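Please look over the sequence and the structure shown below before reading on. The briefing that comes after them is arranged by topic.

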Amino acid sequence: MFLLSLSRSILFAIQSFWRNIWLSLATIFIITLTFISINFLVIISAVSDSAIEAVKEKIDISIYFQQEVNETKVAEIKSHLETLPQIKSITYSSSEDNLANFKTKHQDELLIQEALKELEKNPLGATLIVKAKQLDDYPEILEAIDNPAYSDLIEERSYDDHQVVIDRINAITENVRKGGLIISGLFVIIAALIVFNTVRIAIFTHRHEVGIMKLVGATNWFVRSPFIIENIFSGVIACVLAIGVVYFILSLIQPHLSSYFGGAEFNIIGYFNSNALVIFGSQLIGIIVLNIISSSLAIGKYLRV
Amino acid sequence: MIHLINVTKKFNRQTVAVNNATIHIEPGEFVSIVGQSGCGKTTIIRLLISEIKPDHGQIIIGGWDITKIKSYQIPLLRRQIGVVFQDFKLLPKKTVFENVAFALQVSGTTRGRINKIVPQVLKIVDLEDKLDRYPQELSGGERQRVAIARALVHRPKVLLADEPTGNLDAINSKEIINLLLKINDFGTTVLLVSHDKSIVNALKKRVITMEDGAIVQDQKIGKYVI
């Protein structure tokens, strides 16, 4: 009996979908637009997160050692720093490497080249480039570097230049997160209201039929279920359409993203691929739940016959 | 078969739609309820299908006291009573076959049985060649015949007809009344609500006359006299 009723509900839903095709298409269109809008928010959030990560990635502490500090001492300091839990990586660059890099960098500047020739020995010391796991970790690493035992060995450290940038990024990240949360929340509420009203309008147009069904002995469930199933159809079709449109938009955006990130690689399609289940799955579940709630509420009014 | 005992129904406290009405209808009877618009005829039908509940009194149909029927029992009641309305109440997006079949589908009848019964019932109302038509493709008389077929499909013991000829011309009206008489001949109790004098007078059957919600006359072979 239950299976018979369910199969009839599905059949009625399909019939109603086709026989009211314009209403069905209008419903699908609005739900698709809602989906696309939500996904735009996801794209903006992913791009801004990646942009912030890309900037964060460029921040490090460069420790310039005195020329006379030997390799063993630098290695010792490196080993000491590596014991800190906040350290992500430390790259060692010898004085010879630094000189070679310096020469390459200034190869067209004759004055610098001649000045280097005048000097009998390498004026540059070794360097350590330290990256922290989190932006907040840098002050603690700096504290460790500022150890009096090392201060005579270090000629300069570059971090002070980044402090302002880091503070600014932290502030931006925090604001983006707060703003994103508020916008996302508002958007989800607006989207829910749009879908809710779309479903209500669709059912409103069927209100006389609901009354007739009741008068010939249909139970509330028998009347309600085809409408719910039909609206679930619309939601699933809208989701599939939205996925197609979103991927099309992503393929248009992708080539411009590399230039936006200053050459850094950011694969937005890859991001969507790897998070597809969460992004689209949650939206689909959301729309199905919303459809069930709005269909049930909207139809309830006309079931009192 | 149908018993209304001291039934009163008020709307908005002041409007008394049915006032202390008592009606006893025996199985197989053909009864007309007549009266002017607003006299409470249609309220009687709405009470009998539990669309509304009485404020006072008792309603019994086929031995079932429906006075305080539970909402989950209402579909079961409606599957046992055939109802025909003035405005036909057909599902516009379903064909003739589907409209009649729907009344069986709601009660869980199998497809095989539906495919057997529906053409038979549509043959009784002379619409066996219009199974695939939609209501808007039919004349008024044909639509009402579909509605009668739908009302009959459960083989009800009672058929309630609320102004079934109200939207029809004289020829179609006569056809519908003849159909109701034919159904009554098969043993179904028919309760006809009408304000059409010529139809009621031609029937020469029992007539109950209502005025301001009260039963003012009940004649075995009656006439519409108001």
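Predicted model: local features only at pLDDT ≥ 70, side-chain atom pairs only at ≥ 80, totals over all residues.

Residues are numbered from 1 along each chain as its sequence is written, and chains are lettered from A and ligands numbered from 1 in the order in which they are written. Helices (H or I, at least four residues) and strands (E, at least two) are DSSP runs numbered from the N terminus.

**The sheet of chain A**

- Four strands of chain A make up an open sheet in the order 2-3-1-4, with antiparallel pairing; two strands count as paired if DSSP finds at least two bridges between them.
- The edges of this sheet are strand 2 (87-93) and strand 4 (154-157) of chain A, each of which pairs on one side only.
- Neighbouring strands of the sheet are turned by 20° against each other on average, direction ignored, where axes are lines fitted to C-alpha atoms, for helices over the stretch in contact, and angles run from 0 to 180 degrees between N-to-C directions.
- Six bridges link strand 2 of chain A to strand 3 (residues 127-132) of chain A in the antiparallel sense, and A:S89 has A:K131 in strand 3 of chain A as its bridge partner.
- Strand 1 of chain A is joined to strand 3 of chain A by four bridges and to strand 4 of chain A by three bridges, and both pairings are antiparallel.
- A:Y64 stands opposite A:T127 in strand 3 of chain A and opposite A:E156 in strand 4 of chain A.

- A:V130 is found in strand 3 of chain A and counts as buried because 26 other C-beta atoms lie within 10 Å.
- Although A:V130 and A:T91 are 39 residues apart in sequence, they are 6.6 Å apart in space, C-alpha to C-alpha.
- Leaving aside neighbours within four places in sequence, A:V130 is in contact with residues including A:I61, A:I63, A:I90 and A:I141, a contact being two C-beta atoms, placed from the backbone, that lie within 7 Å.
- Helix 6 (residues 138-145) of chain A lies across strand 1 (61-65), strand 2, strand 3 and strand 4 of chain A, and runs at about 10° to strand 1 of chain A.
- In helix 6 of chain A, A:Y138, A:I141 and A:I145 are buried. They cover an arc of only 60° around the axis, which puts them on the same side of helix 6 of chain A; the arc is that of the directions from the helix axis to the C-beta atoms.

**The contact between chains A and B**

- The contact takes 16 residues from chain A and 16 residues from chain B.
- On the side of chain A that touches chain B, helix 1 (2-19) and helix 9 (207-215) of chain A each supply at least two residues, and the largest share, five residues, comes from helix 1 of chain A.

**Nonpolar cores**

- The largest nonpolar core has 98 residues, and those touching the most other members are B:L48, B:V100, B:A149, B:L160, B:A161 and B:L191; such a core is a set of buried Ala, Val, Leu, Ile, Met, Phe, Trp, Tyr and Cys residues joined through C-beta atoms within 7 Å.
- Helix 10 (residues 220-260) of chain A gives the most to this core, with ten residues.
- A second, separate core of 13 residues includes A:F65, A:L81, A:A132 and A:I141.

**Chain B**

- Chain B has seven helices and ten strands, and 44% of its 226 residues count as buried.
- B:K89, in the loop between strand 6 (81-84) and helix 3 (96-105) of chain B, has a positive phi near 50° without being a glycine, and counts as buried with 21 C-beta neighbours inside 10 Å.
- B:R155, in the loop between helix 5 (140-152) and strand 7 (158-162) of chain B, has a positive phi of about 50° although it is not a glycine, and is exposed with 12 other C-beta atoms within 10 Å.

Methods
Buried ≥ 20, exposed ≤ 12 C-beta atoms within 10 Å, placed from the backbone.
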